[in-house]
Amino acid sequence: MLYLCSVLVPVLVSLAPAVESTVRTDDRGFRAAVVSSAASARHSAGSAEGGDVSDWAALGPFGGDVEDVVVSPVDGNIVLAGLAPAGGGGGKLYRSTDGGDSWSVVPSLDGVSIFSLAFTPSGVAYAGTAGSVWKSTDDGASWAQLNLGIGPNNTVLVVSIDPNDDETIWIGVADALGSQPVNVMRSTDGGTSWSDRTPPLASPQGCTGIAINPNNSNIVAACFAGAFGGGQVWVSTTASGGWVNRSGGLPNRPLNDIVHDGTRLLLVGGMAFGSQTVGVFSSINLGSSWVPLHDGTWPSLIINDVEVDPADDATIYVASGGGGVFRSTDGGSEWTFGVGGTGGLTLNSVRFAPGGSARMFLGASSVGVLRSEDSGGSFEQASNGIGALNVECVAADGLDTNELAIAFSGLNDGGVFTSLDGGRNWSLESLPGTRYNFTAFA
């Protein structure tokens, strides 16, 4: 039996043609690494260091804390995934050019946490990050940072594109523990200049969601979350001000997302800290009154994101904290939990690929990106190349060293991956979504 109780950091290596890989074993015959033939030759020649970092190839399992994932409306093979480890700093932006089959880091945003991603219909991309808004005009290959003019506390939690005007961008800004009073901003020139559109909050609160009526861009709703609790909803019918507090009837807890489907507002929220549950609420009168769409039977009332099926506004998907994806096909009266095999996962975002509702992507804590090609009937992990899974322990079966197990742990989630073929393929075990720190073979 072989096990390592430490953090495993897989390092991705560049792919080169005509380089064979060999398995290197330790003095007990256990699989220790997969190395290139060139690296093996260097090692055999007596390298004093035993080989550099390029000797190592990533076996997986791949994953990381994906806050948001979005597909280009111009080219469906272009997918962006933003990471923010445990919702904090030190993230990355990953980009796929093959529809999510494989991913690579975008250099200009390596080390920057990404909280929100959005494409305009013409294919311009925006990213809300721990350091302002970034913009890309080449399918997310390169990015330029935009100046918000509000100082260094410029963490952007949400980016919303006006569905009727590519050049009008709304953003929600974090409150920086109360030191940033500018929490909602708007640009009408594609991010060149910005204006403060913050409602008259009694004290700063981070803006976590902005909903724009697709039939009338003057109607805007914004939801907020305090640093350690509390939340509000404000609505404007002029887009330039005139905010009205529409928090009456809602729990005074953190709110995470809000959307307008053309006829009603859908609002979700909650956080694990302090068991501050919220669930899902609906309003047909711009927040004058709210109706809960959840009840006490739900496996989780921590809801991080909400999305309406673009082909059917009666079909609603929500991303839950610990219960996977929930779906309603009748406008919110009845719900199915953990659809597509997602039960137990902590999910941060639900997104449809433009052009229909069959292809979906999920941003998940720890396990990265999940993809469905059948409207959520089934989801598969699509994280190959996203090497940011927080592995706590690795174990190999002493009777069959091709059989491996790893334990991983996130902020409020975790699990166990196993492999039967030496790490070429991995399976996520069906276990409660809590932190796992140790695994071993008898």
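Leaving aside neighbours within four places in sequence, Ser300 is in contact with Ser320, Gly321, Gly323 and Phe326, where contact means heavy atoms within 4.5 Å. The structure is a predicted model, in which local features need pLDDT of at least 70 and side-chain atom pairs count only at pLDDT 80 or more, while totals for chains, interfaces and linings use all residues. Residues are numbered from 1 along each chain as its sequence is written, and side-chain values use heavy atoms, with hydrogens and water left out.

Ser300 is placed in the loop between β23 (291–292) and β24 (303–308). Because its relative accessibility is 8%, Ser300 counts as buried; buried denotes under 20% relative accessible area, exposed over 50%, and partly exposed the range in between (1.4 Å probe, protein chains only). The side chain of Ser300 also reaches the backbone oxygen of Gly321 at 3.2 Å. This is a polar contact, that is, a pair of N or O atoms within 3.5 Å; within protein, one atom must be able to donate a hydrogen and the other to accept it, and residues adjacent in sequence count only if both atoms are side-chain atoms.

The loop between β23 and β24 also holds Trp298, whereas Phe326 belongs to strand β26 (residues 325–328). In total, 6 aromatic pairs are present in the structure; rings of Phe, Tyr and Trp (its six-membered ring) pair if their centres lie within 6.5 Å, and planes under 30 degrees apart count as stacked, over 60 as edge-to-face and the rest as tilted. Trp298 and Phe326 form an edge-to-face pair, with 5.3 Å from centre to centre and 90° between the planes. This pair links distant parts of the chain, its members being 28 residues apart.

Across the whole protein chain, the secondary structure comprises 1 helix and 35 strands; helices (H or I, at least four residues) and strands (E, at least two) are DSSP runs, numbered from the N terminus. Buried residues make up 52% of the 442 residues.

Strand β13 (residues 169–173) runs antiparallel to β14 and is joined to it by 4 bridges; two strands pair if DSSP finds at least two bridges between them. Trp170 has Arg186 of β14 as its bridge partner. On the other hand, β14 and strand β15 (residues 195–196) are joined by 2 bridges, also in an antiparallel arrangement, with Met185 opposite Asp196. In a regular strand the side chains alternate between the two faces of the sheet.

Asn183 lies in the loop between β13 and β14. With a relative accessible area of 0%, Asn183 is buried. A polar atom of its side chain is 3.0 Å from the backbone oxygen of Gln180. Beyond four places in sequence, the contacts of Asn183 include Ile171, Val173, Thr198, Leu201, Cys207 and Phe224.

An open sheet of 4 strands has the order β28-β29-β30-β31, with antiparallel pairing. Its edges are β28 (347–352) and β31 (380–381); each has a single partner strand, so one side of each is left without a neighbour in the sheet. Within this sheet, 5 bridges connect β29 (residues 360–364) to β30 (residues 368–372), and Ala364 stands opposite Gly368.
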